[in-house]
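Here is a short tour of one protein chain. Have the sequence and the 3D view at hand, and read along.

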Amino acid sequence: MSDPVEVPIDDDVIRLGQFLKLANLIDSGSEAKLVIAEGLVRVNDEVELRRGRQLRAGDVVSLAGHSAVVGTA
């Protein structure tokens with residue numbers, strides 16, 4: 001797996017579905033729904049099935065061998 005890329009966010013929290021798109025791990029919101037429902041997304045090394053999961057700075061999201069860490073703006 002590659003080293004996580006830091007992706008800054010403007011607020012204190014961001015929803016998982018939004019972050020996947022912001023981090024360019026997926027192309028669309030509908031794709032987020034699918035990959036999360038299929039159990040392909042991990043947050044802090046645990047499978048996450050909630051698209052609305054609130055992420056905070058330091059959380060690491062992984063999908064298909066790529067990782068992104070939530071940063072601050």
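How many helices and how many strands are there in the chain? The chain has two helices and seven strands. This is a predicted model. In sequence order, the elements run β-β-α-α-β-β-β-β-β.

## Overall form

Start with the whole chain. It has 73 residues and a radius of gyration of 11 Å. A compact globule with 73 residues would have a value near 11 Å, so the chain agrees with that expectation. Along the principal axes, the C-alpha atoms fill a box of roughly 30 × 25 × 20 Å.

How much of the chain is buried? Of the 73 residues, 37% are buried.

Take the contacts between residues at least 6 apart in sequence. Of these, 50% join residues at least 24 apart.

Charge comes next. The chain carries 8 positive and 12 negative charges.

## Salt bridges

How many salt bridges does the structure hold? There are three.

| Residue with N | Residue with O | Distance |
|---|---|---|
| Arginine 42 | Aspartate 45 | 3.4 Å |
| Arginine 50 | Glutamate 48 | 2.7 Å |
| Arginine 53 | Glutamate 48 | 2.7 Å |

Which residues are linked in a network of salt bridges? They are Glu48, Arg50 and Arg53. Glutamate 48 pairs with arginine 50, and glutamate 48 also pairs with arginine 53.

Is glutamate 48 buried or exposed? Glutamate 48 has a relative accessible area of 6%. Residues under 20% count as buried, so glutamate 48 is buried.

The pair of arginine 42 and aspartate 45 has another setting. Arginine 42 is partly exposed, at 32% relative accessible area. Aspartate 45 is exposed, at 60%.

## Arginine 50 and its surroundings

Where does arginine 50 lie? Arginine 50 sits in the loop between β4 (46-47) and β5 (54-56). Leaving out residues up to four places away in sequence, arginine 50 touches Leu16 and Ile36. Arginine 50 and alanine 32 are 18 residues apart along the chain. Their C-alpha atoms are separated by 10 Å.

## Two loop residues with positive phi

Aspartate 45 returns here. Aspartate 45 is in the loop between β3 (41-43) and β4. Its phi is near 70°, a positive value in a residue other than glycine.

Alanine 64 also has a positive phi, of about 50°, although it is not a glycine. Where is the place of alanine 64? Alanine 64 is in the loop between β6 (60-63) and β7. Its relative accessibility is 67%. Residues over 50% count as exposed, so alanine 64 is exposed.

## The end of helix α2

Helix α2 spans residues 29-37, and alanine 37 lies in it. Is alanine 37 buried or exposed? Alanine 37 is exposed, with a relative accessible area of 60%. Alanine 37 and leucine 49 are 12 residues apart in sequence. In space, their C-alpha atoms are 5.6 Å apart.

## Glycine 71 in strand β7

Strand β7 covers residues 66-72, and glycine 71 is found there. Glycine 71 has 3% relative accessibility and counts as buried.

Which residues is glycine 71 in contact with, leaving aside its neighbours within four places in sequence? They are Glu6, Val7, Pro8 and Ile9. One of these contacts spans much of the sequence: glycine 71 and isoleucine 9 are 62 residues apart. From C-alpha to C-alpha, the two are 6.1 Å apart in space.

Methods: Residues are numbered from 1 along each chain as its sequence is written. This is a predicted model: local features need pLDDT of at least 70, side-chain atom pairs count only at pLDDT 80 or more; totals for chains, interfaces and linings use all residues. Side-chain values use heavy atoms; hydrogens and water are left out. Helices (H or I, at least four residues) and strands (E, at least two) are DSSP runs, numbered from the N terminus. The radius of gyration is taken over C-alpha atoms; the globule rule is 2.2 Å times the number of residues to the power 0.38. Buried means under 20% relative accessible area, exposed over 50%, partly exposed in between (1.4 Å probe, protein chains only). Contact means heavy atoms within 4.5 Å. Lys and Arg count as positive and Asp and Glu as negative; His and the chain ends are not counted. The place of a charge is taken as NZ of Lys, CZ of Arg, CG of Asp or CD of Glu. A salt bridge is a side-chain nitrogen of Lys or Arg within 4 Å of a carboxyl oxygen of Asp or Glu.
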